[in-house]
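I opened the model and kept notes as I went. The entries follow in the order I looked things up.

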Amino acid sequence: MNKPTTGSSADTREPSLLKKLGPGLITGAADDDPSGIATYSQAGAQFGFNMLWTVLFTYPLMVGIQIVSARIGRVSGHGLATNIRRHYPAWLLYAVVGLLLIANTINIAADISAMGEALKLLVGGKAHLYAIGFGILSLLLQVFIPYQRYVRFLKWLTLALLAYVATVFVVHTPWMDVVKRAVMPQLSWKKEYITTVVAVFGTTISPYLFFWQASQEVEEMRADHLARPLIQAPEQAPANLKRIKLDTYIGMAFSNLVAFFIILTTAVTLNLHGVTDIQTSAQAAMALRPIAGDLAFMLFSAGIIGTGLLAIPVLAGSSAYAMAGAFKWKNSLEDTPMQARQFYAIIALSTVIGITLGFTAIDPIKALYWSAVINGVISVPIMVVMMLMATRADIMGKFVITRRLKILGWLATCMMALAVMSMLATFFY
């Protein structure tokens with residue numbers, strides 16, 4: 001058993017910054033998956049610096065709603081699905097979990113395919129074979145490595161995202177223009193611009209991130225034999241709530257910083273050279289090569305593989321946590337497959353279906369689009385339920401969220417609702 005890292009009352013030593021970072025950091029980094037990279041690349045290629053503001057705007061909202069999800073998990077000792085099952089109608093639970101499972105599986109398929117294409121760009125060979133290898137590798141790591149060791153692997157894997165920060169510094173960047181457009185963008189009411197803004201918002205704030213971070217707080221608690229849900233052990237609250245805040249602030253900052261640099265990289269290379277139509281992350285990497293050179297191309301491609309290895313476990317894991325919470329299954333990455341059979345079966349099934357979809361006639365671009373639609377639609381009711389749960393004393397005890405978190409959380413919820421309505425409106429106009 002590892003030594004406690006969650007600030008239990010019996011451990012008076014101050015944990016290092018690295019040990020304080022975990023669920024929030026991994027959640028934020030997983031947000032920049034290959035599918036998200038494709039969205040950010042298209043935003044930068046199509047609209048240049050005028051899309052940078054979206055990342056700055058969503059940061060405080062993302063922090064607010066992710067802290068809410070983390071606090072629900074750590075205070076109650078249960079993930080989101082278990083809390084929804086206990087306190088809300090069954091039809092809402094099954095609808096949300098079912099749609100989450102579909103959207104996550106499509107996302108896994110898109111990410112695995114993107115990783116295969118990225119490795120093909122770097123070394124040649126067959127993208128499909130690489131995709132199978134990445135899918136199997138991810139599955140084996142989740143199934144056979146205990147949580148405490150696996151989470152350390154994921155934590156270090158977040159460094160792969162620095163490839164996108166480095167890419168900017170190997171190309172010429174007009175920093176004065178960047179700062180100006182980031183704070184004073186040229187906005188547009190054209191359908192294409194609004195659709196891209198909605199896509200960026202939907203990519204930044206995704207339902208699977210809520211389920212994952214809440215469940216990881218539960219995992220962290222279980223890994224410390226002295227830790228208890230805060231509603232049962234309020235003396236553990238100061239250290240844990242402080243850690244959650246720090247972890248989430250840094251994790252979401254890291255996520256949005258990387259998104260900012262992806263948009264910036266494609267803006268200063270592709271957009272300024274007239275390349276405005278990017279559909280996948282692999283296309284973005286290929287388009288960079290003749291404009292920005294081999295080093296930028298290699299960094300961008302390698303980053304796709306690293307972020308995919310980070311995101312697939314989060315996508316598959318969040319589906320498994322949601323299903324397990326809905327049906328009262330035992331669930332923990334610290335358990336062996338024999339101890340939590342249904343939980344690991346969902347992880348395996350999601351990953352295998354994701355691999356298989358890459359060999360079908362399904363258009364990956366359309367599939368990813370509909371995945372984004374589903375994510376956007378289900379994010380709103382999930383966020384509403386989360387905000388209601390976070391203010392209920394029977395769930396949170398005296399740790400109901402503060403007024404500041406209420407404002408940030410409801411602002412994020414309203415923003416997503418407006419984004420979804422705008423997205424739906426594009427179907428008719």
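How many salt bridges does the count come to, taking a side-chain nitrogen of Lys or Arg within 4 Å of a carboxyl oxygen of Asp or Glu? I get two by this rule.

Ground rules. This is a predicted model, where local features need pLDDT of at least 70 and side-chain atom pairs count only at pLDDT 80 or more, while totals for chains, interfaces and linings use all residues. Residues are numbered from 1 along each chain as its sequence is written, and side-chain values use heavy atoms, with hydrogens and water left out.

Salt bridges. I looked up E217 and R243 and found their closest N and O atoms 2.8 Å apart. The pair links distant parts of the chain, with E217 in helix 12 and R243 in helix 13, 26 residues apart. I took helices as DSSP runs of H or I, at least four residues, numbered from the N terminus. E217 is buried because its relative accessible area is 0%. R243 has 5%, so I list R243 as buried too. My cut-offs are under 20% for buried, over 50% for exposed, and partly exposed in between (1.4 Å probe, protein chains only). I also noted D394 and R392, which meet at 2.7 Å, N to O. D394 is partly exposed at 48%, and R392 is partly exposed at 25%.

Helix 12. I find 17 residues, 207-223. Its first and last C-alpha atoms span 25 Å, close to the expected 24 Å, which is 1.5 Å times one less than the number of residues. I count 16 of the 17 residues as buried.

H225. I place H225 in the loop between helix 12 and helix 13 (237-269). H225 is exposed because its relative accessible area is 51%. From H225 to A302 I get 39 Å between C-alpha atoms, at 77 residues apart along the chain.

Core. The largest nonpolar core holds 132 residues. I define such a core as buried Ala, Val, Leu, Ile, Met, Phe, Trp, Tyr and Cys residues joined through side-chain atoms within 4.5 Å. L264, F300, F343, M386 and M389 have the most contacts inside this core. Helix 15 gives the most to it, with 16 residues. Beyond four places in sequence, I see L264 in contact (heavy atoms within 4.5 Å) with F49, L52, V168, T173, W175 and V178.

K328. I noted a positive phi of about 60° at K328, which is not a glycine. Most residues other than glycine have a negative phi. K328 is in the loop between helix 15 (294-327) and helix 16 (341-357), and counts as exposed at 64% relative accessibility.

Definitions and conventions. Helix = DSSP H or I, 4+ residues; strand = E, 2+ residues; numbered from the N terminus.
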